[in-house]
Amino acid sequence: MLPSLIARKTFKKYQELYSVKPLVSRSPGRVNIIGEHTDYNEGFVLPAAIDKAVYVAVGKRGDDRIELHSIEFNSSYKTALSEIAPREGQWTNYVLGVVAQIVKRGHSISGFNLVIDGEVPFGAGLSSSAAVECATAFALNELFGLHIPKEELIFIAQKAEHEYAKVMCGIMDQFASMFGKKDHVVKLDCKTMDYEYVPLKLEGYKILLLNTNVKHSLSSTEYNVRREQCEKGAAMVKKHHPEVNSLRDATLEMLDKYVASSEPLIYQRCKYVVEEKRRLLEGCEDLKAGNIVALGQKMFQTHDGLSKLYEVSCKELDFLVDAVRDNPEVLGSRMMGGGFGGCTINIVKEEAIDSLITKLSTSYSQAMGLELTPYIAIIEDGTSLVNMED
Ligand code: GLA
């Protein structure tokens, strides 16, 4: 793969700053076909890595200092390895959180310089943060010869998000970024971490992402609240069924019996998750059987569940899904990722994409006063080093 423009820019900036050649890694953003808010409930997800990535250039220093530079934010930060700490709302958390985890696991590293740039839009539900974490973890692993397997790097990246960004995310984003495979989606069992690559054959259809340009700033607190609500529901069921450790093991009947009357809100949240678990498994079979129409219908159902039961949508996302519901050229549409903003994911007939974008851009900006940003998602490989000699 030839280094992209952004990879070259990141490499060049590093050389300008430090006059030596760095090692460069890339890690992509992701889409998720179906299976939302199921990962932290030990359910399944169906994500894929996309052709928009974050690039990290790194090199060793002779001391224990860390120097970070973000091209996108035109911002630098310097610290000592022994003094790293979370800084609320700062981009450095996604890098330093990874460093903290590597050190915590007993690996020995010294000071380094790091330059970062990316093309995964922030707050769009495409997991730019996981891309930063995975690119950093991968680069440092190579730079210091740590030999940490990719299977562990993803948990290092996830913990960075928990402890430095304070979002109690599941494992989907980091997994998809690291293990993505060109032209495939990954069916991941978040309980056992078993996974299967499923070819994404859309036969004349494409994945169109429509970014609402509403940044999901609310999402981190609400995300953690949803996670707690699910855990509470699972604990209520467990009292009667000790074998139930998470909503993965719960059924609708159990929720009806033990949660519905005493905790209606918790019930609503858990009901969505248990229904989504089934939808994903069936949707994955639809995909394998080439029945994209059936898969698309499930995507609309997922959106309704996320909007009405799980309540993580917003009026802009609902507008975009409602706008294509009766359009025969759009097989499926739903909000994607954590929620409260970001993108919808749509399966759209190839020839209809341009006219749909034109139509929706106008109606969306008239109704919401915001610009709509479309992307066609191309499914790519996960995290890798970038060979800058090419
Ligand atoms: C965010 C989290 C993921 C997952 C999704 C919702 O992207 O990082 O772990 O929970 O939301 O499916």
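Two strands pair if DSSP finds at least two bridges between them; strands are DSSP runs of E with at least two residues, numbered from the N terminus. The model on screen is predicted: local features need pLDDT of at least 70 and side-chain atom pairs pLDDT 80 or more, while totals for chains, interfaces and linings use all residues. Residues are numbered from 1 along each chain as its sequence is written, and side-chain values use heavy atoms, without hydrogens and water.

**Strand 7**

Select residues 184-189, which make up strand 7. Because 6 of its 6 residues are buried, strand 7 is largely enclosed by the rest of the structure; buried means under 20% relative accessible area (1.4 Å probe, protein chains only). One side carries His184, Val186 and Leu188, the other Val185, Lys187 and Asp189.

Val185 stands opposite Val198 here. The two strands form a hairpin with 5 residues between them, and Met193 in the turn has a positive phi of about 65°.

Next, select residues 44-45. This is strand 2, antiparallel to strand 7 over 2 bridges, with Val45 opposite Leu188.

**The ligand**

- His37, polar backbone atom: 2.6 Å
- Asp39, polar side-chain atom: 2.5 Å
- Asp173, polar side-chain atom: 2.6 Å

Technical notes
Polar contact = N/O pair within 3.5 Å; in protein donor to acceptor, adjacent residues only side chain to side chain. Buried < 20%, exposed > 50% of the residue type's maximum accessible area, 1.4 Å probe, protein only. Helix = DSSP H or I, 4+ residues; strand = E, 2+ residues; numbered from the N terminus.
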